[in-house]
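Here is my note on the model, point by point. Please read it with the structure open.

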Amino acid sequence: MVKLFTDIDLDGLGCGVIAKIAFGEQAKVSYCSYRNLNQRVDAFISNHENDKEDTYITDLAVNMEIEKKLAERYNAGKHIRVIDHHVTAMHFNQYEWGNVNPEYENGKKTCATSLFYDYLIEHGMMERNQTLEEFIDLVRQYDTWEWDENNNLAAKRLNDLFYIMNREQFEEEMIKRISGNKGSFTFTDTETMILDIEEKKIQRYIQSKSRQMVQSFIGEYCVGIVHAEQHLSELGNALNNLNPHLDMIALLNVGTKKIGFRTIHDDVNVAEFAKTYGGGGHPKASGADLSADVFKAFVVDVFDQHPPKLDADRNEFNVKDSLYAISYQNHQNEISFILPKDGIFEIVHKGKRLGQTFSSFNEAERFIKRNYASWLRYDQEYLPQLAALFKIPLNELKENYQEIISNQLMDIIG
């Protein structure tokens, strides 16, 4: 028998598909999370009836206690092989039975599915299969988020299909399709229709969650915090792109007692951030258990905060990168302005100039959004206030907006 412990996500399931194609009925797969992995592995290797079983752990890392037991198992002449691609698991490479590699020599990022396949091919345990290799690369591109850079929607759609179908059904269908096909890996017409509908649902879900997100400083990081139970990778990526002033997005699922972290910034390592809460993962995608400390920091301490409003997106006058004053507001009704002048940008907050300048509009806006949780004000709110301030009709203000802003700027920001 071949025993495989692997993750519950698409990459973990990819390993399960490979194991069952390579070993058939001899393969027994346990899909695990970080919460139950150590217990399941410990129970398996402690049972002497399993001493002769080939044992693989992919896409997950056991804790230090189980790591020692795995080393003892190997030293006693019993089989164990850990295959992973997370940088937080690199220490397993100190063992002969460890195989952790985040990146191939050509610079492409790995995934557990691709590494597991490479290992079995290298050791003659299965034959190459073009359809399987195309499936594996879709898994790899999705898991590493390479699909987003390459706009390979097929990889994203594979993950969507995985979550639409239950795990057993998806696994059975993928094994059947790969084993009986020597050509390209494709979706059926029915799957394509379902995936088109699902894509629209995902976009509506993202729009809804973007209105629920709060932000707070957690340590040195400015974090967007949202409760979410599905489409975590898509949601995290979308919220990061919509809010580039945030260092990361934290996605909480109280039902499963998990928290995920996503970032788009190269200078932010969410794997290291997750380690402070007992978790781990990739530099740009990681997670941890929802412990009492995590619950306090990401739920209790921010419970009374309100989500910042979305920036106005159809303004004609109060627009970003304007040559004149750009106005922002937060839930405390604090008004901020960005003032561009000769390539330098100043900020006025609550009628007072800050004692620093910025070299770009984006830097100035990032400061306002991070420190005041403000949003770009809407014309329909901002312009009537200006008209009332100058005691002129709204139409007259719109017709002479640039001149009025230029000549009476100090009255406006004061």
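Which side chain does the side chain of Asp-247 meet in a polar contact? Point 2 answers this, after the ground rules.

1. **Ground rules.** This is a predicted model, where local features need pLDDT of at least 70, side-chain atom pairs count only at pLDDT 80 or more, and totals for chains, interfaces and linings use all residues. Residues are numbered from 1 along each chain as its sequence is written, and side-chain values use heavy atoms, with hydrogens and water left out.

2. **Asp-247.** The partner is Arg-370: the two side chains make a polar contact of 3.2 Å. A polar contact is a pair of N or O atoms within 3.5 Å; within protein, one must be able to donate a hydrogen and the other to accept it, and residues adjacent in sequence count only if both atoms are side-chain atoms. Asp-247 sits in the loop between α10 and β8 (248–253). Helices (H or I, at least four residues) and strands (E, at least two) are DSSP runs, numbered from the N terminus. Asp-247 is buried, at 7% relative accessible area. Buried means under 20%, exposed over 50%, and partly exposed in between (1.4 Å probe, protein chains only). Beyond its neighbours within four places in sequence, Asp-247 is in contact with Glu-220, Tyr-221, Cys-222, Thr-263, His-265, Val-268, Arg-366 and Arg-370. Contact means heavy atoms within 4.5 Å.

3. **Glu-365.** This residue belongs to helix α13. Glu-365 counts as buried because its relative accessible area is 9%. Its side chain joins that of Lys-320 in a polar contact of 2.9 Å. Leaving out residues up to four places away in sequence, Glu-365 touches Asp-311, Lys-320, Tyr-328 and Ile-338.

4. **Helix α5.** The 15 residues of α5 should span 21 Å at 1.5 Å a residue, and the end C-alpha atoms are 21 Å apart, so the two agree. The expected span is 1.5 Å times one less than the number of residues. At the start of α5, a side-chain oxygen of Asn-129 comes within 2.9 Å of the backbone nitrogen of Thr-131. Just after α5, Trp-145 takes a positive phi of about 65°. Buried residues of α5 include Leu-132, Phe-135, Ile-136 and Val-139. The cover over the buried residues of α5 includes α1, α4 (112–122), α6, α7, α8 and α10.

5. **Ile-136.** Within α5, Ile-136 is buried, with a relative accessible area of 5%. Ile-136 and Ser-114 are 22 residues apart in sequence, yet their C-alpha atoms are 6.0 Å apart. Not counting residues up to four places away, Ile-136 touches Ile-18, Thr-113, Ser-114 and Tyr-117.

6. **Helix α7.** Residues 153–164 form this helix, 12 in number, and it reaches 16 Å from first C-alpha to last, close to the 16 Å expected. Its buried residues are Ala-155, Lys-156, Leu-158, Asn-159, Asp-160, Leu-161 and Phe-162. They pack against α1 (10–23), α5 (130–144), α6, α8 (167–179), α9 and α10.

7. **Positive phi.** Most residues other than glycine have a negative phi. Two loop residues need a look. His-231 has phi near 50° and lies between β7 (221–227) and α10. At 15% relative accessible area, His-231 is buried. Lys-257 has phi near 55° and lies between β8 and β9 (258–262). Lys-257 counts as partly exposed, at 48%.

8. **Second largest pocket.** How much space does the second largest pocket hold? About 610 Å³. A pocket is found on a 1 Å grid over the protein atoms alone, as an open set of points where a 1.4 Å probe fits, with protein on both sides within 12 Å along at least five of seven lines; lining residues have an atom within 4 Å of a point. Grid points are joined across faces, edges and corners, and the volume is the space filled by probe spheres set on them. The lining has 30 residues, with Ala-238, Asn-241, Leu-242, Asn-243 and Leu-310 nearest the centre. Elements giving two or more residues to this lining are α6 (146–150), α9 (189–210), α10 (232–242) and α13 (361–372).

9. **Whole chain.** The protein chain has 17 helices and 16 strands. Its C-alpha trace spans about 85 × 45 × 40 Å along the principal axes. Of its 414 residues, 50% are buried.
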